[in-house]
Amino acid sequence: MSRPQAIRKNVLAFALELPEAYLDHPWGEDVAKVNKKVFAFLGTGDRADPAMSVKLHDSREQALSSPGAEPTGYGLGRAGWVTVPFKDAPPLGVLKDWVEESYRVVAPKRLVAVLDGIDEMGERPKAPPIPTVPLPRRARDSGPGSA
């Protein structure tokens, strides 16, 4: 498997881990969807030049500065979609950040809240209590006359 193919596989796996995301195959391509809306186009697995298209607001200019990146065709570029080839791509963490940003743009607010760890009541789950460990008695507390 080539490096771009390995990146594609990792990006797709990450996209499908997001809340209620699922794989669909319109036009014979792999796309990640949430709530019946595409948030990542990943083409077909057998392409020699794999790429992804994601909808970005905050990171659009950063993504467009990536080698070979361009506004997505079919008029999608005007709506914020950017196509980023995996050849000479930024680090995997950056690509995942862009996929997550696209998910956040497309997903319903309730799912973005789940992603942020906010429950149905609008609260973040409380951190589990830190277990207490009995401290050893200090030497001066264990001398004569101590209770």
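This is a predicted model: local features need pLDDT of at least 70, side-chain atom pairs count only at pLDDT 80 or more; totals for chains, interfaces and linings use all residues.

Trainee: What makes β2 and β3 a pair?
Mentor: Two strands pair if DSSP finds at least two bridges between them. Four bridges join β2 to β3, so they pair, and the two run antiparallel. Residues are numbered from 1 along each chain as its sequence is written, and side-chain values use heavy atoms, with hydrogens and water left out.

Trainee: Which residue takes a positive phi in the hairpin of β2 and β3?
Mentor: Asn 35, with phi near 55°. Two residues lie between these strands.

Trainee: What joins β1 to β2?
Mentor: Three bridges, with the strands running antiparallel. Leu 23 stands opposite Ala 32 in β2. β1 (residues 22–24) and β2 form a hairpin with six residues between them. Trp 27 in that turn has a positive phi of about 55°.

Trainee: How do you know what counts as a strand or a helix?
Mentor: Both are DSSP runs, numbered from the N terminus: helices are H or I with at least four residues, strands are E with at least two. By that rule the protein chain has four helices and six strands. From the N terminus on, the order is α-β-β-β-β-α-β-β-α-α.

Trainee: Which way do the residues of β2 point?
Mentor: Val 31 and Lys 33 point one way, Ala 32 and Val 34 the other way. In a regular strand the side chains alternate between the two faces of the sheet. All four of these β2 residues are buried.

Trainee: What does buried mean?
Mentor: Under 20% relative accessible area; exposed is over 50%, and partly exposed lies in between (1.4 Å probe, protein chains only). Buried residues make up 37% of the 147 residues in the protein chain.

Trainee: Why is β4 called largely enclosed?
Mentor: Four of its five residues are buried, so the rest of the structure largely encloses β4. Strand β6 (residues 81–85) is mostly covered, with four of its five residues buried.

Trainee: How many bridges do β4 and β6 have?
Mentor: Five, in the antiparallel sense. Lys 55 stands opposite Trp 81 in β6, and Ala 51 opposite Pro 85. β3 and β4 pair over two bridges, also in the antiparallel sense. There, Ala 40 stands opposite Val 54 in β4.

Trainee: What joins β5 to β6?
Mentor: Two bridges, and the strands run antiparallel. The rule asks for at least two, so they pair. Glu 70 stands opposite Thr 83 in β6.

Trainee: What makes a group of residues a nonpolar core?
Mentor: The set must be buried Ala, Val, Leu, Ile, Met, Phe, Trp, Tyr and Cys residues joined through side-chain atoms within 4.5 Å. The largest one here has 29 residues. Val 11, Phe 39, Met 52, Val 84, Leu 95, Trp 98 and Val 99 touch the most other members. Elements giving two or more residues to this core include α1 (3–17), α3 (92–106) and α4 (109–115). In soluble globular proteins, nonpolar side chains tend to be buried together.

Trainee: Which residues does Val 11 touch?
Mentor: Leu 42, Met 52, Phe 86, Leu 92, Leu 95 and Val 99, not counting residues up to four places away in sequence. Contact means heavy atoms within 4.5 Å.
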